[in-house]
Amino acid sequence: MYAFPQATGAADILQQMAADRVQIPQEWLININPISISLLTVFVSYVLGFFAPLTAIIIGMIISSIGIAMLASAHLGGLILVAVAVFTVGEMTCSPKKMEY
């Protein structure tokens, strides 16, 4: 386990790890999906209430595809986090409307 002598918060921990050239743990990258779902579900559901089911499904598939393309071309941890968050928004847009359709 890596010790964080000067770090006080999450951003400080990431900056300290970057300065010491330590890789971000894989668990942190994986956990961005459930964290994004927890934080954005209410907002995305509210916005999707204004769209027809088929339109929301198509928009969700496009957003998910953009996230996957970003993930395929990402080489930096920060870009991977953004790509996973974009894919998650697409997933949240598409999945509930599938059942409604």
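In which helix is S36 found? S36 is found in helix 3, where helices (H or I, at least four residues) and strands (E, at least two) are DSSP runs numbered from the N terminus. The model is predicted, so local features need pLDDT of at least 70 and side-chain atom pairs count only at pLDDT 80 or more, while totals for chains, interfaces and linings use all residues. Residues are numbered from 1 along each chain as its sequence is written, and side-chain values use heavy atoms, with hydrogens and water left out.

The protein chain contains 5 helices and 0 strands, and its elements run α-α-α-α-α from the N terminus on. Of its 101 residues, 22% are buried; buried means under 20% relative accessible area, exposed over 50%, and partly exposed in between (1.4 Å probe, protein chains only). Accessible areas come from the Shrake-Rupley method with a 1.4 Å probe, and for residues only the protein chains shown count as cover. Among contacts (heavy atoms within 4.5 Å) between residues at least 6 apart in sequence, 58% join residues at least 24 apart.

S36 counts as buried because its relative accessibility is 8%. Leaving aside residues up to four places away in sequence, S36 touches T41, A85, T88 and M92.

Helix 4 (53–73) has 21 residues and spans 30 Å from its first C-alpha to its last, close to the expected 30 Å; the expected span is 1.5 Å times one less than the number of residues. The buried residues of helix 4 are A56, I57, G60, S64 and G67. They lie on the same side of helix 4 because they cover an arc of only 95° around the axis, the arc being that of the directions from the helix axis to the C-beta atoms. Their cover includes helix 3 and helix 5 (77–100). L54 also lies in helix 4 and is partly exposed, with a relative accessible area of 42%. Between L54 and E100 there are 9.3 Å in space, C-alpha to C-alpha, and the two are 46 residues apart in sequence.

On the surface, F43, Y46, V47, F50, F51 and I59 form a nonpolar patch with about 630 Å² of accessible area together. Patches are made of residues with over 30% relative accessible area and no salt bridge, with like charges joined within 9 Å and nonpolar side chains (Val, Leu, Ile, Met, Phe, Trp, Tyr) within 5 Å. A salt bridge is a side-chain nitrogen of Lys or Arg within 4 Å of a carboxyl oxygen of Asp or Glu. Helix 3 (residues 32–48) gives the most to this patch, with 3 residues. F50 lies in the loop between helix 3 and helix 4 and counts as exposed because its relative accessibility is 62%.
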